[in-house]
Amino acid sequence: MTTNAKERILDGALDLLRAEGGGAVTLDATAKQVGLTKPGLMYHFPTKNALMLGVVDHVGARWERLLLAHLGQPKETASPRQRIQAYVEVALSERFDRADFAVFSDALYREALTETWVRRFESWVTVPTTLPPAVRARLTSARLLADGYWMADATGVFPVPEQDRHQVLEVARHLLRDEDPA
């Protein structure tokens, strides 16, 4: 199966999570969603756990592409402030939905899924302890603001009105101003 076909399977699993009332991601349901037989799907994702690992990595890869696009340089050459700035910009300017949140929240209950999420995001959101306390606090506050906005937007629970999105982003940007060497 080509990479495009694997992406189709992973996108199909995400579509199940977007379904009204939250669809269940099973091998049967995913195969049906993408027009494959269950054995055809199992050839590439032999277990539900393998499928879910693929889904988490698929969502993480999408985030990383967005983060790198907002960063505009290799992650390894960016400062902590620049990496968190990219994270804030993605969380507050891109669109997310319940499937994104379901993948994130499901990962909290399965160690292998958590490890995938951490592997993808730790270097983006970790604030070095060597930075001055005031700088660490501003960077952490901006990240937490982005996390909260993302969660409200993705879940639809207490979402920020669309007309306020830009102002919230400006508050986060203010926290990230390069006033200190971060």
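This is a predicted model: local features need pLDDT of at least 70, side-chain atom pairs count only at pLDDT 80 or more; totals for chains, interfaces and linings use all residues.

Residues are numbered from 1 along each chain as its sequence is written, and side-chain values use heavy atoms, with hydrogens and water left out.

The protein chain holds 9 helices and 0 strands, where helices (H or I, at least four residues) and strands (E, at least two) are DSSP runs numbered from the N terminus. Taken along the principal axes, the C-alpha atoms fill a box of roughly 55 × 35 × 30 Å. Of the 182 residues in the protein chain, 41% are buried; buried means under 20% relative accessible area, exposed over 50%, and partly exposed in between, with a 1.4 Å probe and protein chains only. The protein chain exposes about 9,600 Å², of which carbon and sulfur atoms supply 57%, the areas coming from the Shrake-Rupley method with a 1.4 Å probe and, for residues, with only the protein chains shown counting as cover. Among contacts (heavy atoms within 4.5 Å) in the protein chain with a separation of 6 or more, 69% are between residues 24 or more positions apart.

In soluble globular proteins, nonpolar side chains tend to be buried together. Here the largest nonpolar core has 50 residues, and Leu51, Trp63, Leu67, Val88 and Val103 touch the most other members; such a core is a set of buried Ala, Val, Leu, Ile, Met, Phe, Trp, Tyr and Cys residues joined through side-chain atoms within 4.5 Å. At least two residues of this core come from each of helix 1 (3-18), helix 2, helix 4, helix 5, helix 6, helix 7, helix 8 (133-155) and helix 9 (165-175), and helix 4 gives the most, with 9 residues. Not counting residues up to four places away in sequence, valine 88 touches Ala142, Arg143, Ala146, Leu169, Ala172 and Leu176.

The aromatic rings deserve a separate look. The structure holds 10 aromatic pairs, where rings of Phe, Tyr and Trp (its six-membered ring) pair if their centres lie within 6.5 Å, and planes under 30 degrees apart count as stacked, over 60 as edge-to-face and the rest as tilted. Tryptophan 63 and phenylalanine 96 form a stacked pair, at 4.7 Å centre to centre and with 15° between the planes. Because tryptophan 63 lies in helix 4 (residues 48-71) and phenylalanine 96 in the loop between helix 5 (80-93) and helix 6 (98-107), this pair ties together parts that are 33 residues apart in sequence. Tryptophan 63 also pairs with phenylalanine 121, and since their centres are 5.5 Å apart and their planes at 80°, that pair is edge-to-face. It links tryptophan 63 in helix 4 with phenylalanine 121 in helix 7 (residues 111-125), 58 residues apart, and both of these residues are buried. Ring pairs join Trp63, Tyr87, Phe96, Phe101, Phe104, Trp117, Phe121 and Trp150 into a cluster.

The 24 residues of helix 4 should span 34 Å at 1.5 Å a residue, and its end C-alpha atoms are 34 Å apart, which agrees; the expected span is 1.5 Å times one less than the number of residues. Glycine 72, whose phi is positive and near 75°, follows helix 4. Helix 7 bends by about 35° at arginine 119, the bend being the angle between axes fitted to the seven residues ending there and the seven starting there. The buried residues of helix 7 include Trp117, Arg120 and Phe121, and its buried residues pack against helix 4, helix 5, helix 6 and helix 8.

Threonine 30, in helix 2 (residues 27-34), is buried, with a relative accessible area of 0%. By contrast, threonine 129, in the loop between helix 7 and helix 8, counts as exposed at 68% relative accessibility. Phenylalanine 158, in the loop between helix 8 and helix 9, is exposed as well, with a relative accessible area of 75%, and its phi is near 55°, a positive value in a residue other than glycine.
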